[in-house]
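This report goes through one structure part by part. Please keep the sequence and the model at hand while reading.

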Amino acid sequence: MFTIVRDLIRYNIEFAIGLVILLLLIGAVVLSFFSPYPPSDIYVVPPDMPPDAEFWLGTTSRGQDTFWQLMIGLRNTLGFGIGVAFLSRILSLVVGLTAGYAGGRTDRVLMAINDSIMVIPQFPILVLFYFVLKDDMNWLMLVLILSALGWSYDARLIRSVAMSLRTRPFTTQSVYSGMSMRKILVEEHLPYVMPIVFATTMNNMIWSIGMEITLSVLGFTDVDTPTMGQMIYWANSHSALISGIWWWVAAPVGAIVILFIGLFLLSMSMNEYIDPRSRLNRMGN
Amino acid sequence: MTGYMIFVARRFGQLLLVVFLGISATFFITHMTPVDPVAETISVITNFGKSDPEAIDLMRKTLTELYGLQGNVFEQYVTFWSRLIQGDLGPSLSAFPTPVSQIIFRALPWTVGLMISATLISFVLGNALGALAGYYRKSRILKIISLGLIGLQPIPYYILAFILLILFGFVWPILPITGGYEMNADLDLSFALVLDIIRHSILPALALVLVGAGSWLTGMRALTSNIVTEDYVTFAELGGVGSTRILRSYVVRNAMVPQLTGLAMSLGAIFNGTVITEIVFGYPGIGTLLINAVHAGDYSLVLGLASLSIVGVAIAVFLIDILSPLLDPRIKAE
């Protein structure tokens, strides 16, 4: 594990940059616990102050310190992404491995559900959930809903690997030595698909955080939990750009762009690590 | 029946299943709600005028029937389907008594037009640049363009649209930033109107193209650089076939099919992007309609829009699926 990371840092510039951004984000999360102001309190500092030595990123029209809002928002946004990624990984592993190994009718039923979820336009469905739940639409609920929508594509990837694993001699051997299906999937097949799971985690986080930001910006989530999207929502609703409070908008937009580029670079370099052909290409250059 | 016809029939069966499951999900999600749409509607209507109890009672009865809410959930489910098959989505609340279907079909051409043109432009642009970048690996310009487009790809639609809005609306105001056409334009078909519509669609389309092109480019570049190392390409090069011809007839042709399959897979996601982009630019399509319906609490309009988007995406995916075996004989229609 350690040698893999070391080699990736040495030979893969994308991974190195991604890792630096990730460390910065972890730094922000740690820092957020030292915030001098409670996250949802308003009018704790003078409003509309431009960035200076005291308020590094200025203050908002709601009297909040932009810097500390950003740190807490990053923590919540990241926690959200990790929560969705974790839950939907479990779903995609269970469905993908079972469908690939069992085949036949189980496979067809699972894939019918899978394909239906894959083509459903997610944004209208998410809006529908908000429309139905209104005030019950809290942070945890959104994690659950996005997890339920975000596993299908990766389940197909895992299934295709599981299908080839099933035909390998070691699987037949396990079956003849009396291992149960659950045991074969968990102990024999799971290690083979773990690299895919890691690579898709990043993509899933990019997708779920993007959805959360979009929904928050439109006011379709719980706007009292500070996240990146919620910051932009409040900035928009105070017409921050028109009244010239640009730092209120620039801070979350900048942070989002950095966060996404970091996640994207990590996912790209992991994909490359999994695919030996592109690794050869890189060495060739 | 030939093998292809059997394949189409089976895919059609799958299409029906997907539509059925999707719309059923929509139905049950909306019926989990603690909100009573009839009570909500009545409270909205009575806000505007006096209310006498008998009239409200009558109104409640009429609305319950209009929304298809009589009986238990199963009976409602049957009513819902029997109406949907006749194309009846009920009356809209925010524009009572205009039927929901009429409102949707007024907004639909805008969304479909924007979606199809943006998808095609980003597909052609991304694939062309990807093929070139994979074939001419040394070119510095192509490397810079690729890096730029790939870097834009992970940024959420909303953020990118927002950045474009600031750039072209405030910093360098050359393009209209909101709406689908000039406010006071008369809507007779004329050259000026077409030009105006195109001008208004540039920014929303640009946002979609900039996000979309990067993923086509990455895919095409990877496919191309694999094909370039194949024996038949080396053979053609040694035989003195021109590089343009190799690229066009040998490389791109073989790389196109996986990309077309990808087109089907991405349609659902493109739909999401279109909806969001429309909201940012106030484009008069179904995205804006959806958000306004949510804010107005228009129960039947939201339900209708969600059902319609499921049907639309499922049909698009179906069409691309049944077309791909015709494009490439290597894909067996099974």
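## Salt bridges

The model is predicted. Over all chains, a search of the whole structure turns up two salt bridges. Side chains of opposite charge can pair when their charged atoms come close.

One of the two salt bridges joins the side chains of R89(A) and D154(A), with 2.7 Å from N to O. This pair links distant parts of the chain: R89(A) sits in helix α3 of chain A, which covers residues 66-102, while D154(A) sits in helix α7 of chain A, which covers residues 152-166. The two residues are 65 residues apart. R89(A) has a relative accessible area of 6% and is buried. D154(A), at 9% relative accessibility, also counts as buried, because the limit for that class is under 20%.

A salt bridge is also formed by the side chains of D107(A) and R159(A), where the N to O distance is 2.8 Å. D107(A) belongs to helix α4 of chain A (residues 104-119) and R159(A) to helix α7 of chain A, so this pair ties together parts that lie 52 residues apart in sequence. D107(A) has 11% relative accessibility and counts as buried. R159(A) counts as buried at 14% relative accessibility.

## Chain A as a whole

Chain A contains twelve helices and zero strands. From the N terminus on, its elements run α-α-α-α-α-α-α-α-α-α-α-α. Taken along the principal axes, the C-alpha atoms of chain A fill a box of roughly 75 × 50 × 30 Å.

Chain A has 285 residues, and buried residues make up 52% of them. Among its contacts between residues at least 6 apart in sequence, 69% join residues at least 24 apart. The chain exposes about 13200 Å², and 67% of this area is supplied by carbon and sulfur atoms.

## A serine in helix α7 of chain A

S152(A) is placed in helix α7 of chain A. Is S152(A) buried or exposed? S152(A) is buried, because its relative accessible area is 5% and the class takes in values under 20%.

With neighbours within four places in sequence left aside, S152(A) is in contact with N114(A), I117(A) and M118(A). S152(A) and S174(A) are 22 residues apart in sequence, and their C-alpha atoms are 28 Å apart in space.

## Where a helix of chain A meets a helix of chain B

Helix α5 of chain A (residues 122-133) packs with helix α11 of chain B (residues 286-296). The angle is about 5°, and the axes are 10 Å apart. Angles under 35 degrees count as roughly parallel, so α5(A) is roughly parallel to α11(B).

Which residues make this contact between α5(A) and α11(B)? On the α5(A) side they are F123(A), P124(A), V127(A), Y130(A) and F131(A). On the α11(B) side they are L290(B), I291(B), A293(B) and V294(B). The residues of the contact divide into nine nonpolar, no polar and no charged.

## Chain B as a whole

Chain B has twelve helices and zero strands. Along the sequence, its pattern reads α-α-α-α-α-α-α-α-α-α-α-α.

Of the 334 residues in chain B, 46% count as buried. Contacts between residues at least 6 apart in sequence were also examined in chain B, and 74% of them join residues at least 24 apart. Chain B exposes about 17300 Å², with 68% of it supplied by carbon and sulfur atoms.

S307(B) is found in helix α12 of chain B, which covers residues 299-327. With a relative accessible area of 4%, S307(B) is buried. Not counting residues up to four places away in sequence, S307(B) touches I23(B), T26(B) and F80(B).

I315(B) also lies in helix α12 of chain B. How far apart in sequence and in space are I315(B) and L16(B)? I315(B) and L16(B) are 299 residues apart in sequence, and 9.3 Å apart in space from C-alpha to C-alpha.

Technical notes:
Residues are numbered from 1 along each chain as its sequence is written. Chains are lettered from A and ligands numbered from 1 in the order in which they are written. This is a predicted model: local features need pLDDT of at least 70, side-chain atom pairs count only at pLDDT 80 or more; totals for chains, interfaces and linings use all residues. Side-chain values use heavy atoms; hydrogens and water are left out. A salt bridge is a side-chain nitrogen of Lys or Arg within 4 Å of a carboxyl oxygen of Asp or Glu. Helices (H or I, at least four residues) and strands (E, at least two) are DSSP runs, numbered from the N terminus. Buried means under 20% relative accessible area, exposed over 50%, partly exposed in between (1.4 Å probe, protein chains only). Axes are lines fitted to C-alpha atoms, for helices over the stretch in contact, and angles run from 0 to 180 degrees between N-to-C directions. Angles under 35 degrees count as roughly parallel, over 145 as roughly antiparallel, 65 to 115 as roughly perpendicular and the rest as oblique. Contact means heavy atoms within 4.5 Å. Ala, Val, Leu, Ile, Met, Phe, Trp, Tyr, Cys and Pro count as nonpolar, Asp, Glu, Lys and Arg as charged, and the others, Gly among them, as polar. Accessible areas come from the Shrake-Rupley method with a 1.4 Å probe; for residues, only the protein chains shown count as cover.
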